[in-house]
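Q: I'd like to learn how to read the features of a fold one at a time. Could you walk me through this one?

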Amino acid sequence: MFVEDIRNDFYNTLLGNRVLLLVHYDVDAICACKILQGLFKCDNISYTLVPVGGISELKTAYEENNEEIKYVVLLNCGGTIDLVDILQPDEEVVFFVLDSHKPTDICNVYSDGQVRLVYKDEEENIPNFDDIFKDDDEEDENEEVESGREGIEAVVERRRARKAWEERRHTLMFNYTQFSYYGKPSACVLLELAARSSRLCQAALWASAVATAAHSALHARSPARCLLDAEALHRYVAAAQRHDDSAANRTACVVMEKDAWLPLYREWTLEAALSHAATLAPKLKLYARSGSSRLRQLLADMGFPLQQARQAYRSMDVELRRSLLTALETAAPKHKLPVPTKATFILQRPHLPPLAALDTVYVIMAHIEHETMPKAEGFQQALAALEVSGDNEAWRRGAAAARKCLQAVASLVHTTLSSRRLLLAGPFSYFIVQEGTPEAGVVRGPLWLGEAARWVAGGCARPLLASAPGPPATCLLLGLPPRFDHEPRNLFGAAFEQAATKSGVSVSLDYVDSSVITLPTSQRAQFLDALTALLA
């Protein structure tokens with residue numbers, strides 16, 4: 001069931017109770033967790049926080065922490081599965097689910113109150129209850145009571161109607177579940193809760209800004225939807241600026257400015273930032289021999305000498321830094337590049353360099369999928385990187401790790417494209433990251449593998465599959481829809497499930513995002529053949 005009033009029916013219900021908070025390993029979930037932690041701190045709500053990476057971890061986390069717990073809050077997990085069937089909870093336990101992964105499981109939608117969905121996305125075309133569920137006991141009783149010729153005809157008619165209903169149900173459920181997609185960022189939903197609870201602060205605004213930037217940078221939503229999702233955030237930021245003008249020089253504040261949409265360019269060199277921008281690098285074809293000359297020509301058209309572009313951004317000439325946005329907007333059309341500037345959110349801090357929301361997205365990704373750091377520690381570091389006050393050491397460490405990850409992704413993409421390792425398999429293209437390559441350790445998770453896949457695809461009109469080594473003897477497989485930058489609805493979730501059934505491959509559908517699976521490396525070729533036959 002859906003919650004009607006997010007403050008009274010959700011948040012006020014938690015007051016005075018201990019809460020189990022289960023949070024998925026993704027940027028939006030961590031931002032939402034940061035906002036909810038701030039609210040819990042204001043109202044002295046005690047909670048147990050457990051990060052989860054998949055359905056099996058979700059089940060384990062609940063089983064290990066459900067003693068004396070009546071309320072469970074799930075952020076970006078649990079919405080796409082039948083929670084009651086998988087977790088087998090006691091009847092008095094209530095689950096509050098805020099999950100941007102769609103579509104929502106139909107059993108959660110029509111739960112009698114044990115599963116309560118915090119937000120309903122307007123894109124969800126949920127089938128009616130009577131079209132999905134039917135009382136079998138009532139029909140069995142009717143069949144037993146009636147007898148004679150008329151009774152037999154009535155039974156036949158009912159069976160015919162039942163078959164037609166089942167076919168209609170199958171069609172409705174197929175149309176409802178055939179695509180996986182993302183809804184409004186969970187952090188934006190909790191920002192509305194903070195505003196209604198009179199708990200709006202710069203920390204909540206910044207966390208929501210980072211979540212919005214994540215959905216835009218990772219192409220989780222279409223550009224138009226991203227703009228609509230951030231509408232309330234724009235209003236709150238503008239209101240906070242008007243209210244806090246007198247204190248702007250003393251405290252950190254979130255502002256909206258036009259900025260270069262380049263990853264970590266304030267912490268890097270301009271040349272490196274341009275080389276590792278997923279929106280620009282595919283268009284510049286940096287993997288080709290002439291790619292470096294195209295990049296140098298772009299810098300020349302911008303009026304930036306190589307000596308300046310190759311030193312740290314903060315050490316560049318002041319006049320060049322001031323003219324960066326204008327230079328990018330002027331030079332990009334000459335090279336048929338998308339304009340690499342856009343209105344975005346910046347965290348301005350007194351006596352410290354500003355932080356961009358886009359940069360923080362990559363910082364959090366680097367912490368979540370760190371090569372050497374345990375995932376639980378990376379989760380805590382990602383939360384710490386969202387702090388708005390003081391000199392943020394976790395953010396700096398994450399920025400250094402993110403630069404290394406972006407370099408590894410760029411190297412992988414260049415090798416894949418220059419060596420012609422992007423293979424064609426009928427209806428889709430695919431590439432495989434080989435075990436033992438230097439980049440394999442970086443792209444072992446869906447976030448950085450997805451970044452590499454988007455870079456390789458370059459907005460082309462063909463679906464793309466990317467595979468990377470996983471745990472011993474297994475591999476990760478990720479599906480990317482065609483034209484993901486305009487319509488990110490993904491058909492691979494349902495296709496993976498059907499291909500696994502037809503091929504007999506032991507596929508693990510443990511990821512919250514259904515377009516990401518794991519399977520034995522030895523059976524990968526067999527699975528791809530089955531998928532090719534299915535989508536042909």
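Q: Which residue in β4 does Leu-74 stand opposite?

A: Leu-74 stands opposite Val-97. Before we go on, a note on the ground rules: this is a predicted model, where local features need pLDDT of at least 70, side-chain atom pairs count only at pLDDT 80 or more, and totals for chains, interfaces and linings use all residues. Residues are numbered from 1 along each chain as its sequence is written, and side-chain values use heavy atoms, with hydrogens and water left out.

Q: What does it take for two strands to pair, and in which sense do β3 and β4 pair?

A: Two strands pair if DSSP finds at least two bridges between them. The elements themselves are DSSP runs numbered from the N terminus: helices are H or I with at least four residues, strands are E with at least two. Here β3 (residues 71-75) and β4 (residues 94-98) pair in the parallel sense over 5 bridges.

Q: In what order do the strands of that open sheet come, and which strands stand at the edges?

A: The order is β2-β1-β3-β4-β6, 5 strands with parallel pairing. At the edges stand β2 (47-52) and β6 (115-117); each has a single partner strand, so one side of each is left without a neighbour in the sheet. From one strand to the next, the twist averages 20°. (Axes are lines fitted to C-alpha atoms, for helices over the stretch in contact, and angles run from 0 to 180 degrees between N-to-C directions.)

Q: Which strands does α2 touch where it packs on this sheet?

A: Contact means heavy atoms within 4.5 Å. Helix α2 (residues 27-42) touches β1 (19-24), β2 and β3, and its direction makes about 155° with that of β1. Helix α20 (residues 375-384) packs on the sheet as well, touching β1 and β2, with a direction at about 115° to that of β2.

Q: How are two packed helices described, and what is the angle between α2 and α10?

A: Two packed helices are described by the angle between their axes and the distance between the axes. For α2 and α10 the angle is about 170°, with the axes 9 Å apart. Angles under 35 degrees count as roughly parallel, over 145 as roughly antiparallel, 65 to 115 as roughly perpendicular and the rest as oblique. α2 and α10 are therefore roughly antiparallel to each other. Among the residues that meet are Cys-31 and Ile-35 in α2, and Ala-207 and Ala-211 in α10. By class, this contact of α2 with α10 has 8 nonpolar, 2 polar and 2 charged residues. (Ala, Val, Leu, Ile, Met, Phe, Trp, Tyr, Cys and Pro count as nonpolar, Asp, Glu, Lys and Arg as charged, and the others, Gly among them, as polar.)

Q: What is a cavity, what is a pocket, and how many residues line the second largest pocket?

A: On a 1 Å grid over the protein atoms alone, a cavity is a set of points where a 1.4 Å probe fits but cannot get out; a pocket is an open set with protein on both sides within 12 Å along at least five of seven lines; lining residues have an atom within 4 Å of a point. Grid points are joined across faces, edges and corners, and a volume is the space filled by probe spheres set on the points. The second largest pocket holds about 890 Å³ of space. Its lining has 38 residues, with Ser-216, His-219, Trp-261, Thr-279 and Lys-342 nearest the centre. They divide into 22 nonpolar, 10 polar and 6 charged.

Q: What volume does the largest cavity have?

A: About 50 Å³. Its lining includes Val-97 and Lys-102.

Q: Which residues does the cis peptide bond join?

A: Lys-102 and Pro-103, with omega about 5°. Pro-103 sits in the loop between β5 (101-102) and α5 (106-109).
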